[in-house]
Amino acid sequence: MELGRLEQGGKAVKTPKVLISTAKEQEDWRRELSVQLPEADLYAGMDAPICDYAVVRKPEASLFATQTQLKAIFSLGAGVNGLLAIPTLPKDIPLVRMEDAGMASQMVEYALYAALRQFRRFSDYRQDQLRATWSPRPARSRNEFCIGVLGLGALGAEIARALAQFGFRVSGWSRTAKTIPDVTCEQGDDGLRRMLARSEMLLVLLPLTDATRGLLDETRMGQLPVGASIVNLARGELLDENALISLLDNGHIGETHLDVFEHEPLPSEHPFWRHPRVRMTPHIAALTDARLAARQVASKIRQLEAGHPITGVVDRRAQY
Ligand code: NAP
């Protein structure tokens with residue numbers, strides 16, 4: 001039996017072996033994890049020994065062919081659609097996604113920025129400025145401005161809560177029933193239809209799954225009120241990009257904020273780059289905070305080692 005370190009009480013404990021495999025900043029992740037999980041042996045690279053846990057972001061598919069005794073895989077991102085698409089990903093061990101880890105507050109910032117732009121009509125005033133037109137518009141109260149949030153998970157629920165606390169009229173849509181103070185929570189096709197019909201701004205915080213891919217097609221985006229704004233902070237494939245361009249061109253959708261795209265990086269010839277009503281960012285709406293992420297992974301590895309259940313385990317059937 002391989003013996004690791006001695007706990008304070010003199011009891012022998014096995015040292016967990018943790019493999020880190022990330023496409024970028026692997027050394028940074030390793031450094032953070034060594035601080036948060038000093039009791040573990042950390043490895044990076046394909047020549048690592050057989051490990052107990054893998055902490056991954058865009059890993060090589062071959063990793064899972066060689067690491068055959070993993071007890072759990074930790075994703076350093078909240079979305080796991082990319083990982084689930086790897087054919088060699090073991091199906092019978094927990095896949096654990098990142099829960100918040102500093103991302104929710106960044107999402108709230110993005111959502112507030114987009115909401116205030118639309119609510120205070122800053123882009124209309126910008127257009128007026130370009131035409132040297134002085135055209136004040138009447139004030140509105142925040143509780144008249146309806147915002148819909150698709151997805152009420154770790155990120156969407158935080159956004160819905162923050163926007164409601166700020167005084168906006170907020171609805172949210174999720175798969176299972178939710179209760180959030182001052183937020184009208186909807187489910188199912190009818191709930192989605194009701195929510196779309198009243199949302200002057202629609203924030204998208206759904207995971208990409210078989211059930212959500214292409215959810216925002218021409219019909220559903222067309223159910224939004226004329227002039228509504230769409231803010232996609234989740235995954236590009238959730239909406240039909242060509243249909244969105246048609247709806248922007250015919251004026252049905254007023255302004256769009258896109259952080260994510262079907263193909264990333266977005267090809268330079270894509271019409272989104274130059275569309276006057278599209279505001280773009282390069283998939284930076286919420287970045288994982290390395291220290292918080294390492295702390296979360298460390299805490300969950302300790303809980304698993306102690307035989308306790310953990311949160312954030314991906315439901316393989318639901319795909320998130
Ligand atoms: P999460 O905690 O898993 O929440 C997902 C939410 O979507 C839940 O409320 C879930 O409903 C709902 N949902 C899932 N499938 C649904 C369906 N078929 N119909 C209705 N609702 C459905 O995920 P999260 O941590 O909030 O993250 C959401 C997504 O944001 C991630 O999957 C990722 O793709 C994206 N993301 C983007 C960035 C960026 O920088 N742009 C950063 C982080 C994450 P239940 O509550 O009923 O389960």
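Over which ring does the charged end of Arg137 sit?

1. The charged end of Arg137 lies over the ring of Tyr125, 5.0 Å from the ring centre. A charge sits over a ring if NZ of Lys or CZ of Arg is within 6 Å of the ring centre and within 35 degrees of the ring normal. Arg142 has its charged end over the ring of Phe166, 3.8 Å from the centre.

2. This is a predicted model, in which local features need pLDDT of at least 70, side-chain atom pairs count only at pLDDT 80 or more, and totals for chains, interfaces and linings use all residues. Residues are numbered from 1 along each chain as its sequence is written, and side-chain values use heavy atoms, with hydrogens and water left out.

3. There are six aromatic pairs in the structure (rings of Phe, Tyr and Trp, the last by its six-membered ring, pair if their centres lie within 6.5 Å; planes under 30 degrees apart count as stacked, over 60 as edge-to-face and the rest as tilted). Phe145 and Phe168 are edge-to-face, because their ring centres are 5.5 Å apart and their planes stand at 65°. This pair links distant parts of the chain, 23 residues apart: Phe145 is in the loop between α5 (122-130) and β6 (146-150), and Phe168 in the loop between α6 (156-165) and β7 (169-173). Helices (H or I, at least four residues) and strands (E, at least two) are DSSP runs, numbered from the N terminus.

4. Phe166 and Phe168 make a tilted pair, with 5.5 Å centre to centre and 50° between the planes. Ring pairs join Phe119, Phe145, Phe166 and Phe168 into a cluster.

5. Phe145 counts as buried because its relative accessibility is 1%, and Phe168 counts as buried at 3%. Phe166 is partly exposed at 28%. Buried means under 20% relative accessible area, exposed over 50%, and partly exposed in between (1.4 Å probe, protein chains only).
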